[in-house]
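This report goes through the fold of one protein chain and then a few of its residues. The sequence and the structure come first.

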Amino acid sequence: MATKEEGAAKEAAKQSVNLQLMPADGSDQPVLANVTMVEPTAGVALLDFGFLDPGTMAALSRMARAGKQVPERLNGRLAARVAISYEALATLHQQIGGVLQAVSRRQKPDAR
């Protein structure tokens with residue numbers, strides 16, 4: 001059963017709000033990530049953004065195509081870990097879906 005606060009938060013999320021996030025302690029600097037992992041926990045999901053050397057990724061792909069055994073474990077660099085509520089994760093899912101649809105439309109060849 002939803003609390004009054006949860007109901008108010010859901011109603012506010014339906015309305016358009018001009019939200020500006022202010023950087024703190026260098027948080028406005030982009031972080032390069034080419035690997036992601038999601039770990040569900042009680043109440044929040046942990047999103048790990050990591051970096052694995054592109055040469056290593058290419059070598060793994062070649063090994064797999066050649067039928068060679070790939071290592072069971074690789075060490076990459078954790079770039080950032082974000083704890084996010086499931087409600088915010090659902091919103092993120094919608095936003096990412098919208099971006100991917102827009103990119104897909106731009107990449108389709110002209111149907112003339």
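How many helices and how many strands are there in the chain? The chain has three helices and three strands. The model is a predicted one, and the values below were computed from it.

## Overall layout

Read along the sequence, the elements follow the pattern α-β-β-α-β-α. The chain has 112 residues, and buried residues make up 7% of them. Its accessible surface comes to about 10000 Å², and carbon and sulfur atoms account for 57% of that area.

Contacts across the sequence can be described by their separation. Among contacts between residues at least 6 apart in sequence, 54% join residues at least 24 apart.

## The sheet

The three strands form an open sheet in the order β1-β2-β3, with antiparallel pairing. Strands β1 (35–40) and β3 (77–85) are the edge strands, each of them pairing on one side only. From one strand to the next, the twist averages 20 degrees.

Strand β2 covers residues 44–51 and runs antiparallel to β1, to which six bridges join it. Within this pairing, methionine 37 stands opposite aspartate 48 in β2. Helix α3 (residues 86–107) packs on the sheet and touches β1, β2 and β3. The direction of α3 makes about 110 degrees with that of β3.

## Aspartate 48

The side chain of aspartate 48 is joined to that of arginine 81 by a polar contact of 2.6 Å. Leaving aside neighbours within four places in sequence, aspartate 48 is in contact with Val35, Thr36 and Met37, and also with Leu78, Ala80 and Arg81.

## Leucine 89

Leucine 89 is found in helix α3. With a relative accessible area of 24%, leucine 89 is partly exposed. Which residues does leucine 89 contact, leaving aside its neighbours within four places in sequence? They are Ala45, Leu47 and Ile84.

## Helix α2 and its ends

Helix α2 spans residues 54–65, twelve residues in total. The distance from its first C-alpha to its last is 17 Å, close to the 16 Å expected at 1.5 Å a residue.

At the start of α2, a side-chain oxygen of aspartate 53 reaches to within 2.9 Å of the backbone nitrogen of glycine 55. Just after the helix, glycine 67 takes a positive phi of about 80 degrees.

## Aspartate 25

Where is aspartate 25 placed? This residue lies in the loop between α1 (4–14) and β1. Aspartate 25 is exposed, with a relative accessible area of 85%.

Most residues other than glycine have a negative phi. Aspartate 25 has a positive phi of about 55 degrees, although it is not a glycine.

Technical notes. Residues are numbered from 1 along each chain as its sequence is written. This is a predicted model: local features need pLDDT of at least 70, side-chain atom pairs count only at pLDDT 80 or more; totals for chains, interfaces and linings use all residues. Side-chain values use heavy atoms; hydrogens and water are left out. Helices (H or I, at least four residues) and strands (E, at least two) are DSSP runs, numbered from the N terminus. The expected span of a helix is 1.5 Å times one less than its number of residues. A polar contact is a pair of N or O atoms within 3.5 Å; within protein, one must be able to donate a hydrogen and the other to accept it, and residues adjacent in sequence count only if both atoms are side-chain atoms. Two strands pair if DSSP finds at least two bridges between them. Axes are lines fitted to C-alpha atoms, for helices over the stretch in contact, and angles run from 0 to 180 degrees between N-to-C directions. Contact means heavy atoms within 4.5 Å. Buried means under 20% relative accessible area, exposed over 50%, partly exposed in between (1.4 Å probe, protein chains only). Accessible areas come from the Shrake-Rupley method with a 1.4 Å probe; for residues, only the protein chains shown count as cover.
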